[in-house]
Amino acid sequence: MDGTVDGFRYGAVTPVAAYLMACLGGALGLRCIVRSLLDARSFRTGWLALGAASIGCGIWTMHFIAMIGFHVEETRIRYDAATTVLSLVVAVAVVGVGVFIVGLRGTGGVTLAVAGAVTGLGVAGMHYLGMAAMRLNGEVGYDPAGVALSVLIAIGAATAALWSAVTIRGFLTSLGASLVMGVAVSGMHYTGMAAVSVHVHDMTGGTWEGDSPMSLLLPMLLGPVVFLLLAGVVVMFDPLLVLGERPSASRPDAQDANSTAARRPSRRAAASSARER
């Protein structure tokens, strides 16, 4: 029989929390990409890796926070720990490929399209691999049209995010881009969930392996959340990451003028020296 699916068991709590984590991961990741592009002498590989990990952890955390609110009335839901961890690895690794393509090869049309497609497929792959980690007394089915739409949304969101990372420098505009990215990533998730149907097995009292959402997901979410908070500390203590521009960008000659003035003796000092001579 068909199960009664509810994706909002706890009301607006899980969607809002999931959206905020997607925004946080997106904001940190975009600022790290900007930082790698601003100064070629900096540790570019490290900034790009931190950006990829931030975005990957953000979307993974968003997905599983949202999944805490997923409920099928006729059966319990459990999760396989190994597959859940694998979905995090896939998210970070595949998103990293797209981030490094843009960070190292620039933003040409073809480059951006390839990077956006790879990153978007990584987001979608994480989502459906995370869904495959579910263990319940039934079978999960998907509407192909809904799945295709969710993948297209993921690719579009990833492409827009990478484009904004290399074209937007200001803090407020970049913050706005991360909010839009959070909407797109959350929209991709709930579009994919709208395509889900569950056929519950007739037998009752069946057992299946796996951990309950609260016993598995909450402890596992702690690690990525702590990582995002630490990444946020790194971002806030780097002026280039926060401002998105070099300190002298608004006054390009300011530094040179200051250094020249420091080397040049004052008129009073020069006059005093002349009188002594």
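How are α3 and α4 oriented to each other, roughly parallel or roughly antiparallel? Keep that in mind as you start the tour. The model on screen is predicted.

**Whole chain**

Show the cartoon first. The protein has 10 helices and 6 strands. Now colour by accessibility. Of the 277 residues, 45% count as buried. Turn to contacts between residues at least 6 apart in sequence: 88% of them join residues at least 24 apart.

**Stop 1: α3 and α4**

Select residues 81-105 for helix α3. The axes of α3 and α4 lie 8 Å apart, at an angle of about 175°. Angles over 145 degrees count as roughly antiparallel. α3 and α4 are therefore roughly antiparallel to each other, which settles the opening question. Colour the α3 and α4 contact by residue class: 17 residues are nonpolar, 7 are polar and 1 is charged.

**Stop 2: α2 against α4**

The crossing of α2 past α4 is right-handed.

Now show side chains. On the α2 side, pick Ile-59, Trp-60, His-63, Phe-64 and Met-67. On the α4 side, they meet Val-123, Met-126, His-127, Gly-130 and Met-131. This α2 and α4 contact holds 7 nonpolar and 3 polar residues, with no charged ones.

**Stop 3: the salt bridge**

How many salt bridges does the structure hold? There is 1. Select Asp-80 and Arg-135, the two partners. Their closest N and O atoms are 4.0 Å apart.

Trace each partner back to its place in the chain. Asp-80 sits in the loop between β3 (77-79) and α3. Arg-135 belongs to strand β4, residues 134-136. The pair links distant parts of the chain, 55 residues apart.

Asp-80 has 23%, so it is partly exposed. Arg-135, at 28%, also counts as partly exposed.

**Stop 4**

Go to helix α1, residues 13-38, and select Leu-37. Its relative accessible area is 25%, so Leu-37 is partly exposed.

Terms used
Residues numbered from 1 in each chain as written. Predicted model: local features only at pLDDT ≥ 70, side-chain atom pairs only at ≥ 80, totals over all residues. Heavy atoms only, no water. Left-handed = near helix turned anticlockwise from the far one by under 90°. Helix = DSSP H or I, 4+ residues; strand = E, 2+ residues; numbered from the N terminus. Contact = heavy atoms within 4.5 Å. Nonpolar A, V, L, I, M, F, W, Y, C, P; charged D, E, K, R; others polar. Axes fitted to C-alpha atoms, helices over the stretch in contact; angles between N-to-C directions. Parallel < 35°, antiparallel > 145°, perpendicular 65-115°, else oblique. Salt bridge = Lys/Arg side-chain N within 4 Å of Asp/Glu carboxyl O. Buried < 20%, exposed > 50% of the residue type's maximum accessible area, 1.4 Å probe, protein only.
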